[in-house]
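Please examine the sequence and the three-dimensional structure shown below. The text that accompanies them is an explanation in running paragraphs.

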Amino acid sequence: MDFGPHLMLAMLEGAVTAAILALTAMGLSVVFGVMRVVNVAHGEFYMLGAVIAWFIATTLGTHPALGFVAALVIAPVLVGALAAAADRIILQHIDYDPERTIVATIGLLYIIQQGTLMTFGPDARPVEPPFNSRIPLPWVEWVDGKMAFYYPWGLSITSYKLFVIAAAAMILIALWLFMTRTKAGLIMRATQQDSAMAQAFGIPVSKVYALVFGLGAALAAMGAVLVVPIQQAHYLMGGDPLLLSFIVVIIGGLGSLPGTVIAALLIGMSDGIISVFFSPTLAKIMATLAVAMVLVFRPQGLLGKKAH
Amino acid sequence: MAALILQTKGLTKTYAGVQANTDIDFALPQGQIRALIGPNGAGKSTFVGMLCGRIEATRGTVMFDGQDISRLPAHRRIALGIAYTFQITSIFPGLSVHENVGLAARRAGGNEATVSDVLARVGLTDRAGQSAGDLSYGHQRILEIGMGFAQKPRLFILDEPTQGLAESEVAEFKALITGLENTTILLIEHNMSVVMETAEFITVLNHGAVLAEGTPDEIRANAHVQAAYLGTEDA
Amino acid sequence: MNRALALHLSVIAALGAAFFVLPVYHAGNLARIMVLAIYAMGFNLAFGYTGLLSLGHALFFGAGMYGLSLSMQHLGTPLLPAMAIALIAAAVVTAVVGALALRTKGVAFMIVTLMFAQAGYLTALYFSRWTRGEEGFVLPQHLRQFAGVDLSSAMGRYYAALFLFAVTLLLIGAIVRAPFGRSLIAIRENEARATMLGYDVQRLKWLALVISGTISGLAGATYALLFGYAGASFAAVPYSILPLLYVLLGGAGTTLGPLVGAAFMIYLFDLSADITDAYMLIAGVVLVLLTMFLPQGILGTLRKRALPWLP
């Protein structure tokens with residue numbers, strides 16, 4: 001493939017990555033935004049979503065579309081419930097002390113990850129996508145001084161991947177509407193602004209926190225369910241999304257939904273594009289150092305507000 | 001006229017359009033006990049914060065003992081001979097009373113003798129081994145003042161030291177402060193009896209600027225000051 | 001002699017005698033425990049005494065490990081200079097990372113150190129032509145000799161580990177009793193107050209971190225030397241979590257906590273490895289339980305409840 005189509009392919013794949021990343025990172029951002037809590041186990045909730053999706057699809061054994069829809073509904077709910085329970089039992093016990101929370105969520109990471117290793121096993125297991133037709137994409141070339149379209153071999157996208165981008169966008173819009181237009185969303189934002197005041201107004205802050213923590217995990221699980229037909233379910237698949245989500249949330253500014261989306265697009269696209277030109281390892285090194293530098297020199301991220 | 005230990009010229013602090021302190025010229029002679037008073041929100045803590053370096057000034061200079069310290073970070077200013085007690089008591093709650101004073105003394109070149117001396121002076125000798133966090137609020141405040149003594153400061157800045165103290169403790173405090181030698185004292189206070197009985201000179205702040213300065217009698221008689229406290233004074 | 005020094009010397013003497021009493025397998029374990037205790041003691045200086053929660057110490061461990069093993073393997077450097085290179089490498093890396101990371105605090109500091117550690121790990125992978133990446137490489141036995149002693153033998157390894165452990169323990173003991181160590185504790189307890197007593201908090205934190213990182217580098221170099229292996233997994237993030245685990249379990253801010261924690265966890269891992277592959281599950285459970293119910297760790301709780309003089 002020539003450079004042009006190659007780049008286009010990289011951008012399309014990047015868009016899919018960005019979509020999933022936006023969803024996953026949003027989960028982390030919501031939790032940090034409302035609760036000021038760093039959840040190091042976030043990647044494991046993502047992984048659980050994929051693993052549960054595999055279980056559901058395999059157990060149902062019917063048409064992949066049915067299994068997929070069931071997984072998309074059930075997995076986030078289960079993962080969210082688990083997260084809410086962890087919040088109630090562990091995090092509330094230590095009163096969200098910042099250092100102890102980090103240690104506790106690290107512990108949670110290992111419990112979930114290794115627990116999955118023990119039950120699910122070390123292999124990567126595939127899940128069939130609900131539908132998957134190949135859509136060739138056109139590219140331009142100049143013939144006799146005029147523009148004409150042709151279909152380069154290898155430049156294509158699958159209908160499922162397009163669906164992923166659309167689904168992620170819809171979920172994010174629904175989330176935004178939820179946060180800004182519903183009463184529940186208002187309560188969450190009020191609790192974020194001033195939890196003592198919220199409590200004085202009769203808002204059950206501990207319940208809100210459990211729900212928010214659950215919501216964050218559910219969003220990650222949703223991202224994983226969407227991605228599992230493309231990648232595969234594997235007990236270690238939570239590591240990269242955790243790191244990338246951190247990067248997105250820090251660069252986009254904590255608690256900022258538009259910031260998270262823009263940063264996810266940036267990271268998702270650039271990850272794909274840079275990998276085309278540089279080795280993936282070098283790209284990751286640069287990205288990791290960039291995040292560190294942003295935090296050191298511009299702690300509010302690109303779009304976030306400076307903390308009081 | 002005694003030498004000036006502390007002097008500010010045009011000291012100003014602006015927060016996003018709000019002037020917390022405006023153009024304050026302040027002169028503090030060596031050895032004086034000065035009180036800084038004013039209604040809530042007058043900018044007293046901000047001013048004092050800029051003096052010791054906890055808050056960065058927007059404009060203006062601070063001179064300590066003839067040296068321009070406007071650019072120095074807080075810990076360097078302290079090391080020049082300033083002690084500071086916080087408005088909300090700030091000690092090392094997990095460490096013993098002895099270690100609290102020891103940390104203050106050691107930094108200023110003191111030794112074991114300094115620590116015992118200070119503990120005796122503030123009446124905490126028999127609590128030396130206790131965890132500072134276990135002390136009553138009043139005793140914690142006294143401890144913090146003791147830590148200031150241990151530094152043998154040239155200038156001792158106290159931000160509302162008697163707040164939360166019982167009557168007897170306030171009397172103790174007055175005795176401690178007036179008994180200090182070779183130390184200039186700058187006191188932010190709301191307790192008027194403490195101010196009138198210990199201060200030699202008073203600076204009144206209102207709306208971030210100096211409203212009046214004078215002896216306790218002069219200030220007591222000043223109509224503007226009375227009006228400021230009653231809330232009828234114009235800016 | 002004060003009680004703390006007496007305690008330290010007793011522990012060292014006991015460890016010295018233990019080699020002749022214990023079965024070979026346990027002596028081998030103990031050698032490994034002592035080296036990892038050095039790592040944890042380095043971490044403890046930053047975390048337990050100064051209050052700096054770093055997730056990047058695997059970077060410093062790795063710097064020491066690669067500093068020694070790469071120079072011995074590829075440059076043919078003799079042992080002592082290679083050790084010096086390792087220590088200098090760790091010190092320089094810590095100095096640079098520290099200067100940047102210490103501009104942040106709390107959670108941000110944790111993330112920044114994590115990022116640097118991750119970048120270090122990826123760099124080790126990137127240069128796998130020399131480092132052999134995850135697979136790592138073996139340091140041949142003939143290189144691991146010192147003053148006629150074969151460091152790869154059970155006895156050589158044990159007493160080399162003990163020697164370096166003893167040096168580190170006594171060094172840490174001296175630091176935390178000295179005014180420098182006391183000022184670190186003050187920073188941990190109340191940073192604002194420490195500043196307003198005239199302490200240069202930024203410089204003190206940086207110094208603490210550099211010493212901490214160099215000790216961790218010493219552990220990394222020692223590990224490569226005594227166990228004859230260097231691999232990228234030692235520079236990876238989970239390896240940053242291990243000293244945190246050991247220190248929390250043993251007691252943050254105690255001199256012997258790291259040893260206790262390392263011993264406990266390594267035996268716990270050892271026992272559970274018989275049952276399952278997923279021994280880090282135990283680590284997870286222990287971390288959660290510790291931080292929920294025993295945040296001071298074993299020796300920390302002991303110190304608080306019964307033995308206030310415990311160093």
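The structure is a predicted model, in which local features need pLDDT of at least 70, side-chain atom pairs count only at pLDDT 80 or more, and totals for chains, interfaces and linings use all residues. Residues are numbered from 1 along each chain as its sequence is written, while chains are lettered from A and ligands numbered from 1 in the order in which they are written. The predictor assigns the complex an ipTM of 0.91 and a pTM of 0.88.

The interior may be considered next. A residue is termed buried if 20 or more other C-beta atoms lie within 10 Å of its own, exposed if 12 or fewer do, and partly exposed in between, with C-beta atoms placed from the backbone. A nonpolar core is a set of buried Ala, Val, Leu, Ile, Met, Phe, Trp, Tyr and Cys residues joined through C-beta atoms within 7 Å. The largest such core has 269 residues, and those with the most contacts inside it are Ala53(A), Val212(A), Ala221(A), Ile157(B), Ile38(C) and Leu245(C). Its largest share, 17 residues, is supplied by helix H8 (residues 205-227) of chain A; helices (H or I, at least four residues) and strands (E, at least two) are DSSP runs, numbered from the N terminus. From chain B, the core draws at least three residues from each of domain 1 (1-81 + 153-235) and domain 2 (88-151), the domain bounds coming from an automatic or database domain assignment. In soluble globular proteins, nonpolar side chains tend to be buried together.

Two residues of chain A illustrate the packing. Two residues are in contact if their C-beta atoms, placed from the backbone, lie within 7 Å. Leaving aside neighbours within four places in sequence, Ala221(A) is in contact with Phe45(A), Tyr46(A), Leu48(A), Gly49(A), Ala75(A), Pro76(A) and Val79(A). Val79(A) is found in helix H3 (residues 64-91) of chain A, and it counts as buried because it has 30 C-beta neighbours inside 10 Å. With the same exclusion of sequence neighbours, the contacts of Val79(A) are Phe45(A), Leu48(A), Gly49(A), Ile52(A), Ala217(A), Ala218(A) and Ala221(A). The C-alpha atoms of Val79(A) and Val228(A), 149 residues apart along the chain, are separated by 16 Å.

The contact between chain C and chain A takes 34 residues from chain C and 34 residues from chain A. On the side of chain C, two or more residues are given by each of helix H4 (79-101), helix H5 (106-126), helix H11 (238-250) and helix H13 (280-293). H5(C) provides the largest share of this side, 14 residues. By class, the residues of chain C that touch chain A divide into 25 nonpolar, 7 polar and 2 charged; here Ala, Val, Leu, Ile, Met, Phe, Trp, Tyr, Cys and Pro count as nonpolar, Asp, Glu, Lys and Arg as charged, and the others, Gly among them, as polar.

Within chain B, the centres of domain 1 and domain 2, taken over C-alpha atoms, are 24 Å apart. Their contact takes 8 residues from domain 1 and 8 residues from domain 2. The side of domain 1 that touches domain 2 has 6 nonpolar, 1 polar and 1 charged residues.

Helix H5 (residues 137-150) of chain B has 14 residues and reaches 20 Å from its first C-alpha to its last, close to the 20 Å expected at 1.5 Å a residue, where the expected span is 1.5 Å times one less than the number of residues. H5(B) is mostly covered, with 12 of its 14 residues buried. These buried residues pack against strand S6 (82-85), H3, helix H4 (112-122), strand S7 (155-159) and helix H6 (167-178) of chain B.

Lys152(B) lies in the loop between H5 and S7 of chain B, and its phi is near 45°, a positive value in a residue other than glycine. With 18 C-beta neighbours inside 10 Å, Lys152(B) counts as partly exposed. Asp95(A), in the loop between H3 and helix H4 (98-120) of chain A, has a positive phi of about 60° although it is not a glycine. Asp95(A) is exposed, with 8 other C-beta atoms within 10 Å.
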